[in-house]
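Subject: Structure for your review

Dear colleague,

Please find the structure below, together with its sequence.

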Amino acid sequence: MTELRAYQQYIDGQWADAVSGSTFESENPTLGAPWAIAPDSGAEDIDLAVAAARRAFDSAEWRCSLPQYRARLLRRLAALVEEHGPEIAEIETQDNGKLIMEQRLQWVLAAELLYYWAGMADKIDGRSIAAPLPLPVKGLPIPESFVYTRREPVGVVAAVTPWNSPGGQLLYKFGPAIAAGCTIVAKPSEHTPASTLEIARLVDKAGFPAGVFNVVTSQDRETGAALASHPDVDKVSFTGSTATGKSIVRAAADNMKRVTCELGGKSASLVFDDADIPTAVKGVMAGIFAATGQTCMAGSRVLAQEGIHDAFVAALAEAAERMIIGDPMDAETQMGPISNRPNYEKVIGYLASAEDEGATIVCGGGPHEQLGGYYVRPTVITNVDNAMRIAREEIFGPVASIIRFRDEEEAIAIANDTQYGLGGAVFTQSIPRAHRVAHRLRAGSVWINTYRLVTHMAPFGGYKESGWGREGGPEGLDAFLETKAVWTPVE
Ligand code: NAD
């Protein structure tokens, strides 16, 4: 048996086992077998990590640090990510089964993201505001004064991340948090501890002061809860499911922590009669089959207009059946496994419920028998009604539910009839319709004749139960800053 890759956690600039000494195994979903081992930490480790982040935040070295200093650290880290990105890409593919081709691109973009936030660190400034004039009220003179605002770091940040894109999700928080001057305790998913600890290795090498970045790993979801409810954490930056997001919001109420949440979705792709079928098929495939459908922004509901419905479904099913499914480490593979056993079982369960509810499976519909691990065939389901479970709940797998519509009004009504509001797409050759519909979709991102384009330079986030706040771009920086008004009389 090959030896498991062994990790320690990173607290206060030191590598350490869990206080309890416990460990847990992380599975490689391509094999359905363990490949790495990490500390299984508890509340006592969280206390140590939060205390280290607090000390670092309060230290003169960090509190009084020039933005140029933080920018230099971010640039050093970016250079290390450029150098080691290809290795981390392979590690993450073993941990969560995402295609190596996508991982390689993601780690190139990760370095770009860090350079972007390095450039932002010294552009954080405030406003000066017109001084109020004395009021003509006898006996109540208001001195002429000057007020200016300062943008200050929010404090100790808990960064809690999911398994589908663990390294990338962490860096979306890390970049702006460090640019703002915060310190961080990161808690990756119990299914994918590796890439966050690999990032910690590079943070250490880049020379970040001890305690500025800490990582605690655990298989116990209570450890995440202990971090999110910790009284000395000022902000939780969370990416994960809506159910967990809600419990984090409740836990944050005790000390009124700041919270941003990037949550789940049930996004709709709207395919109109005048769409170009090859373009729509390409976009819808990117929306629902990329990353084996395990993306928050997955276009899992596909709304097809009556006139194009049959031709579009036939073309989509044909393309889905042609997909190369297999080893995510192989550059030719187009779809890898589901990332872990619980999600695999959940996806299979939804496929059974689709037929029970009266929908029709056109292609796929179950596991890939020839492959080991957690493989599911790309699936297209028709005769779906928006009230069915497969149209309302996040499946988080390669399952496209096709819903037929008559006209634009009906399409918009169906698309918006969901608790979620993360993304959406419009496929049409009419420019006015594209923008008209994009404006009416209640979602944080809308793509026109494409899908799944994202960048750290643009805001990303959800309406409704898909989240609070935005990540990326200047909007993403705001989430790590407090605003202070400073007053002084000028008389
Ligand atoms: P999850 O909510 O089960 O877990 C996410 C993280 O929260 C994990 O690290 C977990 O250990 C931790 N956690 C669990 N219970 C907790 C608690 N009570 N308090 C604090 N932390 C706790 O999500 P998942 O299954 O890992 O990821 C899939 C979900 O993430 C999907 O719903 C997907 O849509 C969502 N997601 C959203 C985005 C986005 O940007 N909107 C991106 C990626 C994934």
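A polar contact is a pair of N or O atoms within 3.5 Å. Please keep in mind throughout that this is a predicted model.

A backbone N or O atom of Thr 161 is 2.8 Å from an oxygen atom of the ligand. Lys 187 places a polar side-chain atom 2.7 Å from an oxygen atom of the ligand. For Ser 247, a polar side-chain atom lies 3.5 Å from a nitrogen atom of the ligand. On its own, the ligand has 850 Å² of accessible area, and the protein covers 92% of this.

Next comes the site itself. The ligand sits in the second largest pocket, and 29 residues surround it. The closest of these are Lys 187, Glu 190, Ser 241, Thr 244 and Glu 394. By type, the shell around the ligand consists of 13 nonpolar, eleven polar and five charged residues.

Which parts of the chain supply the shell? At least two residues each come from helix 7 (221-228), strand 11 (235-239) and helix 8 (242-252). Helix 7 gives the most, with four residues. The ligand lies between domain 1 (5-263 + 466-488) and domain 2 (268-456), because both give residues to the shell around it.

Finally, two backbone angles deserve a look. Most residues other than glycine have a negative phi. Asn 383, however, has a positive phi of about 55 degrees; this residue lies in the loop between strand 16 (379-382) and helix 12 (389-392). Lys 464 also has a positive phi, of about 45 degrees, and is not a glycine. The loop that holds Lys 464 runs between strand 19 (445-448) and strand 20 (467-468).

Yours sincerely,
A colleague

Notes:
Residues numbered from 1 in each chain as written. Predicted model: local features only at pLDDT ≥ 70, side-chain atom pairs only at ≥ 80, totals over all residues. Heavy atoms only, no water. Near = heavy atom within 4 Å. Polar contact = N/O pair within 3.5 Å; in protein donor to acceptor, adjacent residues only side chain to side chain. Areas by Shrake-Rupley, 256 points an atom, 1.4 Å probe, with all protein chains shown as cover. 1 Å grid on protein atoms, 1.4 Å probe; cavity = no way out; pocket = protein on both sides within 12 Å on 5 of 7 lines; lining within 4 Å. Sits in = over half its atoms within 2 Å of the grid points. Nonpolar A, V, L, I, M, F, W, Y, C, P; charged D, E, K, R; others polar. Domains from an automatic or database assignment.
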